[in-house]
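Please read the points below with the model open beside you. They go through the sheets and a few single residues in turn.

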Amino acid sequence: MSDRLNNPPAVGQTINRLRKEKHLTLDQLAAVCGVSKSMLSQIERNETNPTLATVWRLAEALGETIDDIVRGDEPGHSLTVIRGASVPILNDAKGHYSLKVLGPASLVNDMEWYEIDMAAGGKMTSNPHTARTTEHLTVFSGEFEVTAGGETEPVKAGETARYAADQPHEIRNVGETNGRALLVVLMGKQI
């Protein structure tokens, strides 16, 4: 097993580095995040491991994510492979379709992507997403039909439909066999 799994992350070292980069004293950081100066000092010297709630408050005060605080100076990975058995699959209760969740949870507020496997005659009806959200459906096999904003268009293998998803919309498999497609959802932003 790697050292990374055996040893807790050096959160204190990261807090100390970020605090100094932002030119904050221990007193100033303590005032902003609501953690006592003595506790901050112990955390920075790695004499104590902070709770998740404390790490969250420190991350907020320093304008960082919890992940940034916990990973610290650990080098990022250049390549990550998600094995097939680890990919979450959402199944429609009526058996019309299944969605393989291909996008990482960290992007869920910005974009999502799924592999759709839809039974012949199956449909996926969606309520409006946030304003300015769009969907992009690329068909790999089968014959689909997309309805959005009162318009309906056929989408065949090798074609892509792009449509506003901030209104009711529906994807249907109008073919006689199962159909497969890639669905990319680009989320609109709340103002």
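**Notes on the sheets and selected residues**

1. Asp-92 lies in the loop between β1 and β2, where strands are DSSP runs of E with at least two residues, numbered from the N terminus. This is a predicted model, in which local features need pLDDT of at least 70 and side-chain atom pairs count only at pLDDT 80 or more, while totals for chains, interfaces and linings use all residues. Residues are numbered from 1 along each chain as its sequence is written, and side-chain values use heavy atoms, with hydrogens and water left out.

2. Is Asp-92 buried or exposed? Asp-92 is buried (under 20% relative accessible area, with exposed meaning over 50% and partly exposed in between, for a 1.4 Å probe and protein chains only). Asp-92 has no salt bridge (a side-chain nitrogen of Lys or Arg within 4 Å of a carboxyl oxygen of Asp or Glu). The nearest side chain of opposite charge is Lys-94, 6.6 Å away; Lys and Arg count as positive, Asp and Glu as negative, and His and the chain ends are not counted. The Asp-92 side chain does reach the backbone nitrogen of His-96, at 3.0 Å.

3. Two strands pair if DSSP finds at least two bridges between them. Ile-89 stands opposite Lys-100 in β2.

4. Both strands belong to an open sheet of 6 strands with antiparallel pairing, in the order β1-β2-β3-β10-β5-β8. Why is one side of β1 and of β8 left without a neighbour in the sheet? β1 (89-91) and β8 (160-164) stand at the edges and each has a single partner strand, so one side of each has no neighbour there. Neighbouring strands of this sheet are turned by 20° against each other on average, direction ignored (axes are lines fitted to C-alpha atoms, and angles run from 0 to 180 degrees between N-to-C directions).

5. Within that sheet, β10 (residues 179-186) pairs with β3 (residues 111-118) over 8 bridges, in the antiparallel sense. Asp-117 has Arg-180 in β10 as its bridge partner. β10 also pairs with β5 (residues 134-141), antiparallel over 7 bridges, and Leu-137 has Leu-183 as its partner in β10.

6. A further open sheet has 4 strands in the order β4-β9-β6-β7, again with antiparallel pairing. Its edge strands, β4 (123-126) and β7 (151-156), each pair on one side only. β4 and β9 (residues 169-173) pair over 4 bridges, with Thr-125 opposite Glu-170 in β9.

Definitions and conventions. A polar contact is a pair of N or O atoms within 3.5 Å; within protein, one must be able to donate a hydrogen and the other to accept it, and residues adjacent in sequence count only if both atoms are side-chain atoms.
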